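Please look over the sequence and the structure below, and keep both in view while reading.

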Amino acid sequence: MVTALPGDQPPVVMRHKDRYFVHVRQGGLFWVATTTADSSPFTIIEFLNRLSALVKDYCGVLNETNITENFALIYELLDEVLDYGYIQTTSSDILKNFIQTEAVSSKQFNLFDLSNVGLFGADTQQSKVAPSTAATRPIQGSREGGKSEIFVDVIERMSVVIGSNGVLMKADVEGEIRVKCYMPNCSEIRIGLNEEFSIGKSQLRGYGAAVRVDECSFHQAVRLDEFDNHRILRLSPSQGELTVMQYLLSDELPSAPPFRLFPTIERDKGGRLIVYLKLRCDLPPNSLFISPCVFNIVVSLSQELSSPDQRAELRPESRAVVWNIPRFAGGTQLSALFKLDIPDLSSASLLEVGPVSLSFELPKLTATGLQIRFLRLSPIQPSQSQRWVRYVTHSDSYTIRV
Amino acid sequence: MTDSKYFTTTKKGEIFELKAELNSDKKEKKKEAVKKVIASMTVGKDVSALFPDVVNCMQTDNLELKKLVYLYLMNYAKSQPDMAIMAVNTFVKDCEDPNPLIRALAVRTMGCIRVDKITEYLCEPLRKCLKDEDPYVRKTAAVCVAKLHDINAQLVEDQGFLDTLKDLISDSNPMVVANAVAALSEIAESHPNSNLLDLNPQTINKLLTALNECTEWGQIFILDCLANYTPRDDRESQSICERVTPRLSHANSAVVLSAVKVLMKFMEMLPKDLDYYGTLLKKLAPPLVTLLSAEPELQYVALRNINLIVQRRPEILKHEMKVFFVKYNDPIYVKLEKLDIMIRLASQANIAQVLAELKEYATEVDVDFVRKAVRAIGRCAIKVEQSAERCVSTLLDLIQTKVNYVVQEAIVVIKDIFRKYPNKYESVIATLCENLDSLDEPEARAAMIWIVGEYAERIDNADELLESFLEGFHDESTQVQLQLLTAIVKLFLKKPTETQELVQQVLSLATQDSDNPDLRDRGYIYWRLLSTDPVAAKEVVLAEKPLISEETDLIEPTLLEELICHIGTLASVYHKPPSAFVEGSRGVQHKRLPATANSPDASSAAAVADAPPAVIPSQGDLLGDLLNLDLTPTTTGPTPAVSTGIQMGAMDLLGGGLDSLTMIDSVWVQVWVPAMKAKGLEISGTFARRAGVIQMEMTLSNKAMSVMTDFAIQFNRNSFGLAPAGPLQVLIPLSPNQSIEVTLPLNTVGPVMKMDPLSNLQVAVKNNIDVFYFSCQYPISILFVEDGKMERQVFLATWKDIPNENESQFQIKDCHLNAASSKLQGSNIFTIAKRTVDGQDMLYQSMKLSNGIWVLAELRVQAGNPNYTVTCLLWVQNT
């Protein structure tokens with residue numbers, strides 16, 4: 001039994017005697033693989049992620065009870081997925097042919113139970129879009145009818161660094177298109193992207209403002225024969241979740257960054273640190289609400305907060321002031337004034353204040369401007385089938401230096 | 001009812017109850033019972049007592065139940081080998097089942113049961129399954145061969161399974177190909193010399209075709225296998241690269257990394273001036289950048305690999321500096337790795353950007369990260385000279401914050417900056433001295449003391465400062481004590497009048513009151529130096545220090561090469577060769593990069609050799625020279641570079657090479673590598689020319705505790721193109737305390753590079769433990785060839801034709817002609833003529849070097865005078 005591991009080992013891989021442990025955390029569970037050879041941690045981590053996705057596809061929800069309830073199914077899955085340490089396949093389509101055990105589900109699906117949504121990959125931030133029970137449904141359940149549904153999610157993560165002089169120093173967007181399909185008799189999906197979508201710096205298409213990315217990679221099930229000319233992705237959907245396309249835009253945003261900060265930091269006569277922050281949202285007015293925003297002002301001073309003017313709290317352990325803003329309308333402006341009592345405040349201490357980090361979620365918006373032009377299913381699906389196309393942009397690391 | 005109930009039963013009569021249920025007539029009940037058994041097994045309860053009952057359930061047409069029973073068998077068969085035999089019949093029967101799923105299941109399970117009796121029965125079914133019509137069965141059988149090999153390698157060979165497995169590489173189904181490749185690679189690893197994976201252009205072609213069709217995991221097996229292949233020439237290398245590059249845009253990072261490994265390895269073969277080489281470099285950057293948008297765990301692993309790639313080929317990512325800027329929400333281990341790579345990529349072009357970032361990082365919250373950022377600023381200053389001034393002023397700004405650990409780190413790096421750029425930034429010393437009191441870490445205290453001692457003449461109160469440290473001398477760490485001792489001695493030598501008392505105090509503290517031998521010894525040395533010869537002491541203690549070199553933490557080149565071959569594996573995360581952390585025979589093989597492209601990169605090699613002398617010749621520099629070494633014995637043809645070698649060699653021969661003429665004695669055995677420096681291997685030897693063959697006569701002694709095998713030798717390029725004419729003949733393993741004498745014949749057709757001194761030879765010797773490097777000098781006489789006797793007329797004509805600048809004259813002292821002449825003869829120095837002028841004997845001699853240079857010499861001997869004068873002329877034959 002491994003009870004404790006020395007602290008000087010790199011994360012990700014842990015060693016105990018001659019055995020190496022690689023783990024990931026998914027759905028609140030640790031997925032651990034062990035190896036004694038010089039194997040590839042990339043393979044192992046990718047595999048553990050796929051495995052957890054597979055178990056989720058088969059069992060519906062990832063949690064401890066569900067795992068114990070379905071242990072026979074998971075044994076069977078593992079047996080097919082791994083043979084003597086060689087990964088055979090992680091495609092739920094292929095595995096369907098081999099798996100005999102039916103998933104056991106303890107919970108009745110409840111439309112109002114949103115605790116396991118996680119559609120956008122963010123556990124902490126709940127989506128305002130009504131989720132469907134299908135999202136947490138075992139894929140095999142759909143064999144016996146049920147609602148046929150398809151979800152296409154465009155998820156983007158922004159990382160932005162704005163310098164203290166207001167200059168945009170770095171702006172990257174990572175994005176992906178995820179498809180979750182619960183349509184047993186759908187043989188092909190065609191997803192049309194903006195026609196002016198272009199890859200790389202040189203290529204420009206169409207007349208309007210180009211939607212541009214630098215790098216683009218596709219799932220191997222995607223057929224790209226119509227992509228070059230018409231920007232259409234064709235794929236035969238497998239039951240379950242699939243990341244169809246991943247893309248990356250670096251060092252350039254098609255529009256101004258969504259938030260600007262105007263800070264003033266000074267020392268008053270009483271030796272207090274006065275931090276005045278004015279935050280502006282440059283998104284189109286009246287179009288958006290930004291749901292919960294957390295502003296981390298990393299103030300490297302561990303002192304008492306004398307009079308907080310806003311809904312804010314001081315976190316001494318991380319030496320930060322956190323300012324929570326539940327909603328923030330586009331085109332508006334908010335401000336906050338913080339006074340911090342700090343003994344021995346010197347002018348040099350001012351150097352240590354900052355930076356300000358923002359975390360936010362922008363629904364119905366993509367930073368790159370990527371849109372799904374259409375979603376066609378063939379053969380034509382019965383009318384009660386539901387299609388969901390959703391966009392969201394998260395902050396990955398949005399930092400404003402002061 | 002759900003399956004979780006199986007985990008909850010804890011009653012005492014449980015086994016008994018299960019037994020009854022297992023023997024039930026109802027299928028459903030049986031299945032439930034087996035599930036309960038497996039559940040108990042999973043949580044670690046011993047349910048082996050139920051073995052016969054569970055095996056009884058094996059004969060069923062319910063696949064789900066069968067799978068569960070097999071699961072149980074895999075777990076308990078080994079502990080119950082006698083009972084396991086009961087299952088054999090069903091296994092064999094199942095291997096013939098019309099359902100391919102059952103056939104595959106049976107053969108897969110049998111392979112996992114490590115019981116001899118079962119293994120015997122496995123052969124026949126396995127043979128059939130390897131030729132099964134269903135690819136699912138074939139791919140399972142392919143893996144089964146690897147399993148069987150692990151249990152009983154001999155059996156697999158005897159049964160001819162390896163050949164069948166090889167045939168599967170040409171299978172029509174890509175999944176079968178992938179599994180066959182994986183199985184063969186694993187088997188081949190345990191037999192390094194078996195040549196099992198006989199990779200040739202045809203099989204490579206098949207693999208590349210299968211690569212496009214198989215699953216992502218199969219692609220990894222195939223790419224890893226490709227990485228072990230060495231292409232015949234650069235064209236083949238390029239065509240493989242072209243077919244592998246599309247993998248770089250795969251969504252699975254493991255596929256990407258395996259592809260990167262193949263490309264990094266095969267790139268070695270491509271000439272750098274090739275257009276394709278540039279294209280490939282450009283293509284490698286985006287996938288590496290993309291890896292940095294994965295989850296932190298993958299990012300960390302990716303960064304460790306990028307660190308290696310950047311050290312080997314910095315040009316790939318030189319424009320991608322920005323992606324390594326840290327994000328505020330990166331975990332600390334990702335941040336630290338990113339910092340490391342930022343420094344490696346720092347150059348004059350991007351230094352402003354990097355510094356601006358580092359300055360931001362230095363005010364963050366996390367202490368470890370801030371420390372490393374401050375250190376990074378110092379490293380920037382040392383690496384990019386143009387930025388040094390800005391770095392220093394940034395560091396000074398940081399010192400102003402008075403944050404304790406920032407100040408300490410800053411002082412440590414400023415010390416290094418002083419050592420790199422002496423007499424440039426000493427104006428900051430005053431600022432540093434202000435912070436003396438806040439230093440509480442040994443490293444920072446030691447650095448500060450060093451600075452005070454080194455620049456004592458510019459610090460007015462240096463004696464007071466050092467005295468303040470002296471008060472708590474015995475509480476300081478050794479590092480600080482040593483530094484303080486040296487600093488006070490320096491101070492004394494600079495300002496002897498005021499500090500006599502101080503130096504006596506420290507010397508007595510170090511020598512009398514300390515029980516640390518290092519400190520005591522250093523104290524005594526200073527004491528005696530100062531008391532016997534203060535001038536000498538000054539020369540020793542205040543000697544000019546060599547500058548520190550730029551990159552201090554680079555991975556040693558041979559290790560780096562090996563690690564590049566292991567990109568994407570644990571070795572690349574630990575930055576250690578697999579043999580260092582993987583037990584057993586696997587992975588002990590040292591992988592090497594293929595030799596460089598056949599157009600030798602002469603300019604860069606010369607640049608390495610002519611490295612600025614100001615830099616400390618650390619071990620790394622020597623290794624740099626040997627970087628191009630390939631440790632397999634090569635039999636290269638004559639290189640065209642020889643003619644250029646002659647021109648450059650000519651004058652130097654006169655300069656110093658002939659000094660070694662006086663050392664003709666062939667008995668000149670030297671210890672080249674002491675055992676301490678080569679993990680127990682001692683190499684001593686000498687050079688000789690015997691019957692027209694140059695020989696390196698070596699004695700290898702094993703002074704370690706373990707047996708040494710697999711010796712090989714390789715020379716770096718050298719002035720006369722000396723190269724081994726054959727492999728190093730150490731046929732038997734060298735036991736501990738055993739010595740062996742080896743004679744290695746040499747030829748002179750190897751690559752040529754001017755060395756300094758001319759007769760310097762850098763050698764790499766490899767054995768099963770490691771690779772060791774040493775350099776030695778050979779007597780120039782071994783290069784004199786047998787047909788060096790020139791015709792008298794030619795000699796005369798040539799003597800006149802040789803221009804004056806090719807002439808050199810020197811004296812040989814204390815020599816006796818009689819003794820000398822026989823030696824000269826034996827060394828292929830031929831006397832052409834002799835005459836006597838004015839009581840002086842004039843001897844005219846000729847010799848010819850292996851690279852075609854003639855040396856004509858005139859030896860003037862005055863009777864009774866043991867000092868001879870030699871006039872040498874060099875002549876390069878134009879042929």
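This is a predicted model: local features need pLDDT of at least 70, side-chain atom pairs count only at pLDDT 80 or more; totals for chains, interfaces and linings use all residues.

A:D225 is exposed, with a relative accessible area of 52%, where exposed means over 50% relative accessible area, buried means under 20%, and partly exposed lies in between, with a 1.4 Å probe and protein chains only. The side chain of A:D225 meets that of A:R234 in a salt bridge, with 2.5 Å from N to O; a salt bridge here is a side-chain nitrogen of Lys or Arg within 4 Å of a carboxyl oxygen of Asp or Glu. A:R234, at a relative accessible area of 17%, is buried. Both residues belong to a network of salt bridges that links A:E188, A:R190, A:R223, A:D225, A:E226 and A:R234.

Residues are numbered from 1 along each chain as its sequence is written, chains are lettered from A and ligands numbered from 1 in the order in which they are written, and side-chain values use heavy atoms, with hydrogens and water left out.

The search of the whole structure finds 59 salt bridges over all chains. One of them joins the side chains of A:R280 and A:D282, at 2.9 Å from N to O. A:R280 is partly exposed, with a relative accessible area of 30%, and A:D282 is partly exposed, with a relative accessible area of 30%. In chain B, the side chains of B:D53 and B:K19 meet in a salt bridge of 3.2 Å, N to O. This pair links distant parts of the chain, since B:D53 lies in helix α3 (residues 51-56) of chain B and B:K19 in helix α1 (residues 14-22) of chain B, 34 residues apart. Helices (H or I, at least four residues) and strands (E, at least two) are DSSP runs, numbered from the N terminus. B:D53 is buried, with a relative accessible area of 7%, whereas B:K19, at 33%, counts as partly exposed.

We turn now to the strands. Strands of a sheet pair through backbone hydrogen bonds, either parallel or antiparallel, and two strands are taken as paired if DSSP finds at least two bridges between them. In chain A, an open sheet of four strands has the order β12-β13-β8-β22, with antiparallel pairing. Strands β12 (222-223) and β22 (372-378) of chain A stand at the edges and have a single partner strand each, so one side of each is left without a neighbour in the sheet. Within this sheet, strand β8 (residues 188-193) of chain A is joined by four bridges to strand β13 (residues 232-235) of chain A, and the two run antiparallel. Across this pairing, A:I191 has A:L233 in β13(A) as its bridge partner.

Which strands does β3 of chain B pair with? On one side, 10 bridges join strand β2 (residues 681-690) of chain B to β3(B), and these strands run antiparallel. B:G685 stands opposite B:M698 in β3(B). The strands β2(B) and β3(B) form a hairpin with two residues between them, and B:A691 in the turn has a positive phi of about 50°. Another pairing joins β3(B) to strand β6 (residues 739-747) of chain B through eight bridges, again antiparallel, and here B:M696 has B:L744 in β6(B) as its bridge partner. B:K402 is found in the loop between α22 (388-400) and α23 (404-420) of chain B, and its phi is near 65°, a positive value in a residue other than glycine. B:H575 lies in the loop between α32 (570-574) and α33 (602-609) of chain B, and it too is not a glycine, yet has a positive phi of about 55°. With 14% relative accessibility, B:H575 counts as buried.
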